[in-house]
Structure formats: structure tokens, C-alpha cells
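Work through the exercises below with the sequence and the model at hand, and try each task before you read its solution.

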Amino acid sequence: MTNLNYSEFSTEVLADALKREKSYIQLKQSDCKFFARKIQRRRGYSHKALEAFAYKIEIAQRLIEKAQEEVAELESVIAQRVA
């Protein structure tokens, strides 16, 4: 979330947002593993379906990267407030 003014929010709200982002990352990582297993097993899926699974993995990885950036921002803001 670029251009977000973190000073408007309390430390507790930021800590909650941090927890949500971390759980979101875990969810997307499990989605990646799920689709990777489907691609690896291949049986019963068309080539089109396998390509769709690969695309879903690619999207999930991009979302994970953005969420990790947000986690880094939140952690730095919280660390500055605590210090």
C-alpha cells in the first residue's frame, strides 16, 4: 500500500494488519503448493487446465511479493514507534 499515511493508525491497528498480511501470505503459499501438486500429478487434467494452474501459481506469487512488501513496511513503522 504505497502512499498510505501510517500515522493515522494506532500501533494496534498496524499490528493487526501485519497479522492479516502474514496469514494472507501463508494462504497464498498453500495455494501455490496445491496447484503445483496438481501440475505435478497431471493425471485427469487437460493441457488447458494445467496452463490455468500454472497461471494461478504465477498470480499468487506476485500477490505474495506485494504482501511481503507491505509486511516490511508495517514492520518498519511498528519498529520505529516501539523504539
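## Helix α1

The helix α1 counts 31 residues and spans 45 Å from its first C-alpha to its last, close to the 45 Å expected at 1.5 Å a residue; the expected span is 1.5 Å times one less than the number of residues. Helices here are DSSP runs (H or I, at least four residues), numbered from the N terminus. This is a predicted model, in which local features need pLDDT of at least 70 and side-chain atom pairs count only at pLDDT 80 or more, while totals for chains, interfaces and linings use all residues. Residues are numbered from 1 along each chain as its sequence is written, and side-chain values use heavy atoms, with hydrogens and water left out.

**Exercise 1.** Find which residues of α1 are buried, and what they pack against.

*Solution.* Begin with the cut-offs: buried means under 20% relative accessible area, exposed over 50%, and partly exposed in between, with a 1.4 Å probe and protein chains only. By this rule the buried residues of α1 are Leu14, Ala17, Leu18, Ile25, Lys28, Cys32, Phe35 and Lys38. Next, look for contacts (heavy atoms within 4.5 Å), and you will find that these buried residues pack against α2.

**Exercise 2.** Locate the salt bridges, and decide which parts of the chain each one joins.

*Solution.* A salt bridge is a side-chain nitrogen of Lys or Arg within 4 Å of a carboxyl oxygen of Asp or Glu, and the structure holds three of them. Lys22 and Glu75 form one, at 3.4 Å from N to O. Since Lys22 lies in helix α1 and Glu75 in helix α2, the pair ties together parts that are 53 residues apart in sequence. Lys28 forms another with Asp31, where the closest N and O atoms are 3.7 Å apart; both residues lie in α1, three residues apart, about one turn of the helix. Lys28 counts as buried because its relative accessibility is 18%, whereas Asp31, at 25%, is partly exposed. In α2, Glu58 and Arg62 are four residues apart, about one turn of the helix, and their side chains meet at 2.8 Å, N to O.

**Exercise 3.** Classify the ring pair of Tyr45 and Phe53: is it stacked, tilted or edge-to-face?

*Solution.* Rings of Phe, Tyr and Trp (its six-membered ring) pair if their centres lie within 6.5 Å; planes under 30 degrees apart count as stacked, over 60 as edge-to-face and the rest as tilted. The centres of Tyr45 and Phe53 are 5.2 Å apart and their planes stand at 85 degrees, so the pair is edge-to-face. Finally, ring pairs link Phe34, Phe35, Tyr45 and Phe53 into a cluster.

Terms used:
Helices (H or I, at least four residues) and strands (E, at least two) are DSSP runs, numbered from the N terminus.
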